[in-house]
Structure formats: structure tokens, C-alpha cells
Amino acid sequence: MDNKIPYKIYLSENELPKQWLNLRAFMETKPAPLLNPKTLKPMTAEELSDVFCYELAKQEVDDTTPYIDIPDEVRDFYKMYRPAPLIRAYCLEKALKTPAKIYYKFEGNNTSGSHKLNSAIAQAYYAKQQGLRGVTTETGAGQWGTALSMACSYFGLDCKVFMVKCSYEQKPFRREVMRTYGASITPSPSETTNVGRKILKEFPGTSGSLGCAISEAVEASSTNEGYRYVLGSVLNQVLLHQSVIGLETKTALDKYGEKADIVIGCAGGGSNLGGLIAPFMVEKLQGKADYKFIAVEPSSCPSLTRGKYAYDYCDTGKVCPLSKMYTLGSGFIPEASHAGGLRYHGMTSTLSELYHQGLMEARTVKQTEVFEAAEQFARIEGILPAPESSHAIRVAIDEALKCKQTGEQKTIVFGLTGTGYFDMYAYEKFHDGKMTDYTPTDAELQKGFDGIPNINL
């Protein structure tokens, strides 16, 4: 053990960030704006406020303000579980016999079990400030729905959650946590909305997707007075709130004179990865330092590595704004056998633009490889990781083993987005040998690509 650096680096309450970092403000080429699905013109904050809370709509279109103050009420809530620890994986380093230094930012030290609470509490705060009765949302694996139900309970808001059907069926305990905090849960697609009925007619027996659930949640918000829709990933506003992860990570490393060489995060919609890399990417954009950024996605839902960079609908029902992103098509629905989360068909516009510029790379991993890494990590480091987080663990281990071969002493930082205690169905499938790897063929992906609108801007 390096006597200089403790196992866990804890920051003081005074070191908790007072402002969110807006990565887009530092980008010379900005992410393309959201488009109005009716006019195909860039969405204004006023137009977006029909769907989102007004302050969140303003954050969504703001690509010039470098830092945005965190409201005192939100920061006070953060203090219940933040600053989150940055952990040196000494035991993993020893087991791998690698000269690399491995750090992970652990975001599972709250009841929701994940990083999602960082944005949920902010979005609930702005909904309360606007005087709304409640919010609607979607959730895939359930971390976002759990976090939002907690945040809404704290501020006395109603919370309506549309949960991807396969997750609803596979994760009953995650569902019950949401109900404990007062949320109502509907498996999606459902018969309760027009768009849900339309999707069920077109895809009978479907296990659902985040795109489906988003469509239903947006419709529900528009048909219930005093409600707005909120989203747990993909949006620029969510990356903004999640920047607390990266800001704390960088402060902790700086405290001990450490510099990251490789920063790794799992990537579904992009919220945790965008938040983790934000301050490091700013330094790279400014030419102050160089880092290798790796986005890790499942081979069964490979938006960055095999998707098209184009304007596409953010939801299956095509009622949301269009976003320019790496996408598999809004009609893409992952196989029901896919148990590792990260099921969204596209990647946030901010990370898509950075990837398009060659400022970060992406890798795909098979889910059996992911769960092998999860089990290895749990046995060595003592934390049962979420399947999503384990995508980052897989590649962090791979990078550490490369250092073992070359003798390089690189510093690897990855995001451990949460715990996997509500994901035991997936762990059971893995342990029983019933988990399979699925990679869509080019022909299967083409079906999704065929639904991407032809917009050249």
C-alpha cells in the first residue's frame, strides 16, 4: 500500500461543490440543438417548458454559462450522502498484479443505490419551486425511478413512473422501494396511454424499451394538469447536475497530487460518464492536460460504436424533441435477454459531439464478460456492483492488465455508479449459466436505422 494515499479519500463538507460545471460552455463546437418535432426548428426554453420545468428548460439550452450555482436546498440534501468517497482499489491492484493505480468513484452510498439522486433532487426542487403538483418519468433498471421517488417524497410531490416492462417483471424489489416513497409504477408499454396502446399494437408482446416508456411518461405529463416530465439521463441538464461526480473526483485526486491517465465510465444515455469526465474534459479542451476517456456500452445496445450520428427522436412514440446523437433508431428495442441495463437507443448530444470530434473512445463488452468482472470485483473489493457499473469495471480491469504486460504505471479512474442488490435476478441467471450474449446483426440494426428521419442541418 502506498502510505501516502488512503484506501478511501473523503472530502470535507466544505469541499462539496457549490456550482455545477456546464461542459458545453467550454466546447468550441457545441452540441447540436434540440429540434421541435413539428417545425424542425431549434427548441427554445419557452417551448421546452411545456414539457420540462422552466428552470430546467433554461439549463437545457444554456451552452454559454460555465458554472451554475447549486441551490442551497439541493446542496443541503447533497450533504446527506455527499461528498462521495474516491476509493483506491489496492486489493484489486494486488489481485491483478498490475503496476497501475486504480481508483473508483463510489456513488452507491444512498438509499437509491446510484448516482441518479444527484439529478433527481435538483429536478424535484425546480418542480417544487414552480408550484407543480407532481412529475412523470420513465425508468429502465429502476435506479432513476427510485431516486426520483425519493426526491419527490422529500419535496412533497406526486411521482408517476413508467417502468420498462421486462425490468418491472424482473426487479420487483426495486419497484417496491419506489412505492415505499409514494410513487405509482406502471409497466411500459401499457394500455393507460394512447402511445402505449399504439406501441403494443405495433409490437405485440414487447418487453419494452426506454424509448417506449419516455413516450408514455411525456403523454402522461401533458394530460395531467400541474405535472411536468423529468428525465434521468441523455439531457444536457442531467449531465450538468451529475458534474458533482467529476468535480469531487478531481478535487480528491488533486489533494494527493494524483493525475488520471484513463477515465472510464459505463454509457447508456451518458449521464454518469458525462458527469465524471466533465472537469477532466475541460482541461483537455483547454490544452492543459491530456486524458484517455473510454465510454463502455453493451454489445447488445451499441449506440456509439455502431450507431448513426444523426438527428433522431428521443422516444419510440416520436412525441419528444429530436436530438443529434449517435443512435440506433428510436424504434430499436433491445433483446429481453439483455440484463445489464444501459438500454437506451441513443447517446446524449454532448458526448456524441465529443466522440464525433475524436476526444473520447468507446468500447462494447458482452454481458457475460460484464458479470464475470462484477463477481471478481465483489469478491476482491467487497462491493456488489450494479450491472451498469460493471461495464466500466470490465474495461478498467482490461486496462490494468495491459499495464501489467507493458509495465506502465498508469492511473485509472472509473465510475462505480451504484450497487447491485436489486439486480439479483440477473446475477442468478449468470450464476446458473443461463445468461447469454447477444449482439445484433447489421440487418437487425438496419431496421432501427430505417426509422431515423432524414434531416440535414
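This is a predicted model: local features need pLDDT of at least 70, side-chain atom pairs count only at pLDDT 80 or more; totals for chains, interfaces and linings use all residues.
Tutor: Local features here need pLDDT of at least 70 and side-chain atom pairs count only at pLDDT 80 or more, while totals for chains, interfaces and linings use all residues. Residues are numbered from 1 along each chain as its sequence is written, and side-chain values use heavy atoms, with hydrogens and water left out.

Student: Why is Ser 190 called buried?

Tutor: Buried means under 20% relative accessible area, exposed over 50%, and partly exposed in between (1.4 Å probe, protein chains only). Ser 190 has 7%, so Ser 190 counts as buried.

Student: What makes the Ser 190 and Glu 216 side chains a polar contact?

Tutor: The term needs a pair of N or O atoms within 3.5 Å; within protein, one must be able to donate a hydrogen and the other to accept it, and residues adjacent in sequence count only if both atoms are side-chain atoms. This pair is joined at 2.6 Å, and the side chain of Ser 190 has another polar contact, with that of Thr 192, at 2.7 Å.

Student: How do you know that β6 and β7 pair?

Tutor: Strands (E, at least two residues) are DSSP runs, numbered from the N terminus, as are helices (H or I, at least four). Two strands pair if DSSP finds at least two bridges between them. β6 (134–139) and β7 (158–164) have 6, so they pair, and they run parallel. Thr 137 has Val 161 as its bridge partner in β7.
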